[in-house]
Amino acid sequence: MIVLGIDVGGTHTDAALVDDGRFIDGVKVSSSKDVHRSILNALDVLTERQPDLIERLDLISLGTTQFTNAVVERRALAPVLAIRLGAPSGKGLPSGVGWPNDLADHAIKASLHLKGGHLFTGESLSTLDDQDLASCHDLLSKHSDCPVVISAPFSPIRPESELGLAKALAQQDPRRRFTCSQTMGGLGLLERENAAILNAALRPYAEDVVDGYHRALDDRSIKAPFFVSQNDGTVLSAGRIKALPALTFASGPTNSIRGVAEVTALKDAIVIDVGGTTSDIGVLKQGLPRTSHQVVEIETVRTHFRMPDLVSLGLGGGTLVHEDGTFGPESVGYELGSKALVFGGSSLTLSDIAVRAGAMAIGDPSLVAHLSDGFIDLVYDRIRAAVYPLVDQMRGEQTALPVIVVGGGAAILRPCAEAYWSFLDAAVSSLVNAIGASAAEASGYADEVIHFNDEPRTLAIERLTEKALDDLESSGGVRNLAALSSIEENHVPYLGNAWFRVKVSVRSPIAPMVQPLNIHKVSE
Amino acid sequence: MKTISAADIHDISVGSVFLATGGGGDPWVSRMLAEQVLTDRGPVQLIGPEALPDGARVVALGGVGAPTASLELLPSLEDPAIAVRAFERELNVTVDALVSFEVGGGNSLVPIQAAALLDLPVIDGDGMGRALPEAQMMTFALAGIPPTPALALDYRGETELFQSLDGEQYEPIIRAWAHSHGGMITTVEHLMTREEVASAIVPKTISFAAALGQVIRRHEGHLKPLLREVSQLFDESLYGSVHPLCTGKIVGLEQSIQDGYDIGSVHLESFDTNTSFELLIKNEFIQLSQGDTVLATVPDLIIALDFESGQPINAERLAYGQRLCVLGIGAPPHYRTADALQVVGPANFGLKAPYRPLS
């Protein structure tokens, strides 16, 4: 099973070839403006070294910030019609509330607030009437090109009011694209609706992007299926990314943590990813990045996606070192190759310190020979004082958790590593994010508010697990190989004893990993 | 601060999360509504009770129910104003000013929303000085002011009048009404004279929340300067001083429900030594102890800040491995009398330890 993991970053595109979890080869190329150009560049360099690569490739898995960037740059967004049910509740909180004005202008053409939806008990909140339907038809006829987003209170529990309206409108307008907020899952009406709107606005672009990847891969006669990383560290099939591009938001930081799981076979570890400007410290928990309780905000728009639990500090290869031995947060960043002392520049960076300490072999070490041993020790004292407490804080009660240091600047930390810290081979270390992208696992979720007197706890969990498994399958996972990741049960306060919010998440290998079809032979 | 404008709302909301001592829910939606109504209608007057004319009447208002329900059943812009108007109509009284019954959480902003639409002033003060779970714990109730006549409004605009109930009777009745009307309602209650308001409120808490929020926002990500300035603010207030009680990470988290409350205990381990702490939750943070030594209990304020960002954290957002700085702050004098402690003392929250007030 040979997987190509590709991580398309702002400055570099990394590609790693992984055979059943074993790293074979990898490249780092400069990113070009055009993402599939970057992918092809990386592919071509790799194919030169591995001539039979294309034939042997079973799967491509891609990490990309393209969809996040499209939102940040307000480009390639198709404005949507946002129809929210639930009136009269929520008057004064229209779709797009709290968004930056210019982003709302780009993503929302017009909105309606109509009756419908449900209460936490499952009872009807209000009922959509003929007048509501008429105003929908009116709005749709004015904007014949816009996709439609429908959201309703408690739709993850009672999907029928969103689905009913979508069906009624689709009968009149079969070519129109409808997105119901429940496809984004999760409780929190505004957050779910925000994600659904951004998602619908990104869909035409996502189709272009995915088709572009397909064309690029076709150009090289690659028929292996490809998957894309999402924010929880698992992947989605290319087909599902066309429909759910918003699930890639904030997927970046999870890949390096995932990559460590892949190359070390560890299920639990602390991961320090030392980059050019910052280090991210995260935790690998049962094979996946530990999530925080902070939600993903994209351009101040709140979504209900959860962020990976990370702490960052200003410590990277390009971080500037001051005369008193303190460092950062300023960094020379991507200009390391011209500004650092070892490369003939005039800025003292942490890379220079590491070269002088004998931990790193880049540039000309004679250019840092003048730095005194005492000064190097002083800087490393500062590094210890900055890094140790953070590592300790991320640890929780698991005192025996190993620490894995990765990233382009990993070697900086060698001189201050403790006994239980490990470093990966340099080649693997700097490509660990691409390797993380190759660790193709799928996930599925279900999230509901349940009254345990009406639906006994064990039955509710069984039902939600089935629902999560359905979700898993549509992402490309395999039902009968699925494992339960977590069941979260939280009492809903102020509603008596029996109301609980229950979230079930499952994961599995993705289908092609299980049955390694040689796709191009099958399809030819 | 003599007026509240849209620009002040973010500060008040952040300050209100701090004063909510772990409870109170997320005020984001209330913030959106208040900002919008103040942008449309202009600033609201923020006054002390002494600025009210003779014979003025004041009512307290806010939301009652389950924050989880309002994740989906959103509040409406005009509901607080509609509730006040309905109260006036049903009881044939004229309301001259509005007061928050709870500065902790989104309820700090509900009277502001109504005041902007009704051209009424808001009293700088509230009925708790923090967040607490029950109506009889309000300083209004402690001052002997009955909660009724009270009016409840649900999301559909349905209203109900409640009469002749004391705090103990009112609490379960209004709670049940909220439950059967979508999980979250608006209530108008505790009709007061100028003199009653002056004697019953915890004064100046709205302007205090704004000042607190401003400091917290300015120093986001920098715990030390944040703590220094927050301590200064409390030293100049009627609350007690700020006592940093512990810093540590969450190594254990247990939660259960008893009688409709979220009961929880959080085990913290300090970063530098092997000291462990236990933080107890009953909707809000109610006790911090180190072994057998109780470091702080209700009604003193116990606040958990995120160790990295310095931002206050709700009890429902606590997670395993999270890094906290826990503060204790002396309660306002209203809650320190023997009579008040009969209602809001540690025993009322099921705690055995006696109240040993923080300075």
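User: How is a nonpolar core defined, and which residues have the most contacts inside the largest one here?

Analyst: A nonpolar core is a set of buried Ala, Val, Leu, Ile, Met, Phe, Trp, Tyr and Cys residues joined through C-beta atoms within 7 Å. Buried means that 20 or more other C-beta atoms, placed from the backbone, lie within 10 Å of the residue's own. In this predicted model, the largest such core has 271 residues, and V80(A) and L98(B) have the most contacts inside it. Helix α7 (residues 189–219) of chain A gives the most, 14 residues. Helices are DSSP runs of H or I, at least four residues; strands are runs of E, at least two; both are numbered from the N terminus.

User: What does L98(B) touch beyond its sequence neighbours?

Analyst: Contact means C-beta atoms, placed from the backbone, within 7 Å. Leaving aside neighbours within four places in sequence, L98(B) contacts V58(B), V84(B), P111(B) and I123(B), among others.

User: How many residues does each chain bring to the contact between chains?

Analyst: Chain A brings 36 residues and chain B 35. On the side of chain A, the largest share, four residues, comes from α12(A).

User: How far can I trust chain B?

Analyst: Where it is low, the predicted coordinates should not be read in detail. Chain B has a mean of 92, with 97% of its residues at 70 or more. Strand β10 (residues 242–258) of chain B is lowest, at a mean of 83; strand β4 (residues 97–100) of chain B is highest, at 98. The model scores ipTM 0.87 and pTM 0.84.

User: What conventions apply?

Analyst: Residues are numbered from 1 along each chain as its sequence is written, with chains lettered from A and ligands numbered from 1 in written order. Local features need pLDDT of at least 70, side-chain atom pairs count only at 80 or more, and totals for chains, interfaces and linings use all residues.

Terms used. Buried ≥ 20, exposed ≤ 12 C-beta atoms within 10 Å, placed from the backbone. Contact = placed C-beta atoms within 7 Å. pLDDT = per-residue confidence, 0-100.
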